[in-house]
Amino acid sequence: MDLNQSLRRLRRHLYGRYFDIRHRVDTTSWAAESLHRGDHNSYAPSETWQLLRILPPSEILPTDTFADVGSGKGRVVVAAARHYGFRRIVGVELSAELDRIARNNVAEMRPARSPITLVHSDVDHWDIPPDLTVFHLFNPFTGPTFRRFVTNIVASQRKHPRTIRVVYVRPVMAEALTEQGFTLVRSRRTVSLYAREPSAAGGGPEHGAGVRY
Ligand SMILES: C[S@@+](CC[C@H](N)C(=O)[O-])C[C@H]1O[C@@H](n2cnc3c(N)ncnc32)[C@H](O)[C@@H]1O
């Protein structure tokens, strides 16, 4: 590991400790189940200042709702509930251990501005609630899992027309979004914001929208 990598790792760790003390949670310590398997990536908590920079709270409407997909120990869920005025917030997490820690964090955190629901599920088995408008992804999964997820968002939008925004940290599968009619709104270093209007082309039934495979 070179000096720059070590410094970045130290910065992430210090930011994590600061976040945990500030919000009275534990999102930084090691977790046994945070292991990489197939398409599914392991746990690493976000530096949530990046979320605030790419999606300023002033751009959130009172009708907007938020989901962190692959919510881990709930750091982003906590940050969203403390800094924004979302109508509600959802976290979806595959690992039972991480989900349990997230539930603890939500129970212990300083007062939230929005109600929070945590769901322990593989994203493949999660029915996207029709009111969700803003999705956060910190590179939780790749490959076919990511493509199925995008297909399901588009199917949900077709059934329940609404503007959908996606905050994508380390956007290694960005092409899967643009192929399905998402457009890049802005990008800052390793974080990008995408949006899709209900009238957007792409991702129709001919692309298998809504199909689980
Ligand atoms: C890089 S971490 C991000 C954690 C959190 N969103 C954050 O930004 O602090 C990715 C998370 O996605 C979860 N994950 C991976 N595959 C998943 C799947 N198929 N369904 C739900 N969660 C998944 C992992 O367990 C991990 O907690």
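This is a short chat about the predicted model shown above.

Me: What kind of model is this, and how are residues numbered?
Reply: It's predicted: local features need pLDDT of at least 70, side-chain atom pairs count only at pLDDT 80 or more, and totals for chains, interfaces and linings use all residues. Residues are numbered from 1 along each chain as its sequence is written.

Me: What's the mean pLDDT of the protein?
Reply: The mean is 92, and 93% of the residues reach 70 or more. pLDDT is the predictor's confidence in each residue, from 0 to 100.

Me: Which residues are closest to the ligand?
Reply: H40, S46, G70, G72 and P140 are the closest of the 24 residues surrounding the ligand. A residue counts as near if its C-beta atom, placed from the backbone, lies within 6 Å. Helix 3 (75-83) and strand 2 (89-93) each give two or more residues to that shell. Helices (H or I, at least four residues) and strands (E, at least two) are DSSP runs, numbered from the N terminus.

Me: Switching to the sheet, what's the strand order?
Reply: The order is 3-2-1-4-5-7-6, in an open sheet of 7 strands with mixed pairing. Two strands pair if DSSP finds at least two bridges between them.

Me: Why is one side of strand 3 and of strand 6 left without a neighbour?
Reply: Strand 3 (116-120) and strand 6 (183-188) stand at the edges with a single partner strand each, so one side of each has no neighbour in the sheet.

Me: And how many bridges join strand 1 to strand 4?
Reply: 3 bridges join strand 1 (residues 66-69) to strand 4 (residues 134-138), and the two run parallel. D68 has H136 in strand 4 as its bridge partner.
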